[in-house]
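Subject: Structure handover

Hi,

Here is the structure, as promised. My notes follow below it.

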Amino acid sequence: MTANTTAGLNTVDTQTSLGDSKAIISNQEGIHEKLDEVVKRHLTHASQKPYQAHTKEAFTQMDALVNAFLVANPEGEIILDACCGVGQSTRILAKQNPQALVIGVDKSDHRINRNVEGFDVDDGFSADNYHLVRADLNDFYRLVKAADWPVSKHYILYPNPWPKSKHLQRRWHGSAVFPQMTSIGQQLILRSNWRIYLAEFQQAAKWVDLRGQIDSLPVVDSSLALTPFEAKYQASDQVCWQLILGRVELC
């Protein structure tokens, strides 16, 4: 990262700082050998963890909004943007899908309330059909499943890899909430700069009758990236990958 000193103040070169993301380093060379064992255990034993109060309250508010939207828009769609961070992806998805209500969820109140550079009323990214909410997705997913939200698309965009082999169960596909999270949405769209992470999710998803493929994403201008992480990874010459999963029709 380069810095320029002007009038006694350090100002960071924006382009250089955007491209300073380090590539993921892992002691895994492929899919974790215990992945199937962990997934099957979670599918057999549902999570009994008590819900956190703040997440229950947040979900109640979002559930009312979703129900009101569907009453007013019977043909409307619900899109879930999990781990939305500062909400850039939520706003873009809302702009791209005017027929939908997009719910962006992140555990960090700081990220949810941050202003994102480039998002003002004149830049074309403003949208009214979205809501950002602070909640713990380990609880929020279970509440969405219980309420049976009719989610059309479920986005899980960056980063969550936990690349050390011993941290398999901290990755979404190794977590106790995997059965509930994968039951939400007719289509699941994941992006990551660590292909092994997506390959593991792809394999785990077969246990819940989801199938799909992994493709590399084209490099785009940072202003067109779906998330700040995507812009940063691509500016750092890292390949970003996308996994799109759909439900298998069972006879």
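Two strands are called paired if DSSP finds at least two bridges between them. Helices (H or I, at least four residues) and strands (E, at least two) are DSSP runs, numbered from the N terminus.

Some ground rules. This is a predicted model: local features need pLDDT of at least 70, side-chain atom pairs count only at pLDDT 80 or more, and totals for chains, interfaces and linings use all residues. Residues are numbered from 1 along each chain as its sequence is written, and side-chain values use heavy atoms, with hydrogens and water left out.

**Overall**

The chain has 9 helices and 9 strands. Of its 251 residues, 45% count as buried. Buried means under 20% relative accessible area, exposed over 50%, and partly exposed in between (1.4 Å probe, protein chains only). The accessible surface comes to about 13500 Å², by the Shrake-Rupley method with a 1.4 Å probe; for residues, only the protein chains shown count as cover. Carbon and sulfur atoms hold 50% of that surface. Now contacts, meaning heavy atoms within 4.5 Å. Among those between residues at least 6 apart in sequence, 78% join residues at least 24 apart.

**The sheet**

Seven strands make an open sheet: 7 strands in the order β5-β4-β3-β6-β7-β9-β8, with mixed pairing. β5 and β8 (210-216) stand at the edges with a single partner strand each, so one side of each has no neighbour in the sheet. On average, neighbouring strands of this sheet are turned by 15° against each other, direction ignored. Axes here are lines fitted to C-alpha atoms, for helices over the stretch in contact, and angles run from 0 to 180 degrees between N-to-C directions.

β3 (residues 77-82) and β4 (residues 100-106) pair in the parallel sense, over 6 bridges. Asp-81 stands opposite Gly-104 in β4. Helix α6 (residues 137-147) lies across β3, β4, β5 and β6 (151-157). It runs at about 160° to β3.

**Cores**

A nonpolar core is a set of buried Ala, Val, Leu, Ile, Met, Phe, Trp, Tyr and Cys residues joined through side-chain atoms within 4.5 Å. The largest has 45 residues. Those with the most contacts inside it are Ile-103, Phe-140, Tyr-141, Trp-149, Trp-172, Leu-190 and Phe-201. Helix α8 (residues 195-205) gives the largest share of this core, 7 residues. Apart from this core lies another, of 15 residues, with Ile-79, Ile-92, Ala-94 and Tyr-233 among them.

α4 (88-96) is mostly covered, with 7 of its 9 residues buried. Those buried are Gln-88, Ser-89, Thr-90, Arg-91, Ile-92, Leu-93 and Ala-94. They pack against β3, β4, β5, β6 and α9 (228-235).

Asn-97 sits in the loop between α4 and β4. At 11% relative accessibility, Asn-97 counts as buried. Beyond four places in sequence, Asn-97 touches Ile-79 and Asn-129.

**Asn-129**

Asn-129 belongs to the loop between α5 (109-112) and β5 (130-134). Its relative accessibility is 15%, so Asn-129 counts as buried. A polar atom of its side chain lies 2.8 Å from the backbone oxygen of Ala-100. Not counting residues up to four places away in sequence, Asn-129 touches Ala-94, Asn-97, Pro-98, Ala-100, Leu-101 and Val-102.

**Gln-180**

Gln-180 lies in helix α7 (residues 178-181). Gln-180 is buried too, at 15% relative accessibility. Leaving aside neighbours within four places, Gln-180 is in contact with Tyr-141, Arg-142 and Lys-145. The C-alpha atoms of Gln-180 and Ser-47 are separated by 9.4 Å, and the two residues are 133 apart along the chain.

**Positive phi**

Which phi does Cys-83 have? A positive one of about 55°, although Cys-83 is not a glycine. Cys-83 is in the loop between β3 and α4. With a relative accessible area of 23%, Cys-83 is partly exposed.

Asp-148 has a positive phi of about 60° and is not a glycine either. Its place is in the loop between α6 and β6. Asp-148 counts as exposed, at 62% relative accessibility.

Best wishes

Key: A polar contact is a pair of N or O atoms within 3.5 Å; within protein, one must be able to donate a hydrogen and the other to accept it, and residues adjacent in sequence count only if both atoms are side-chain atoms.
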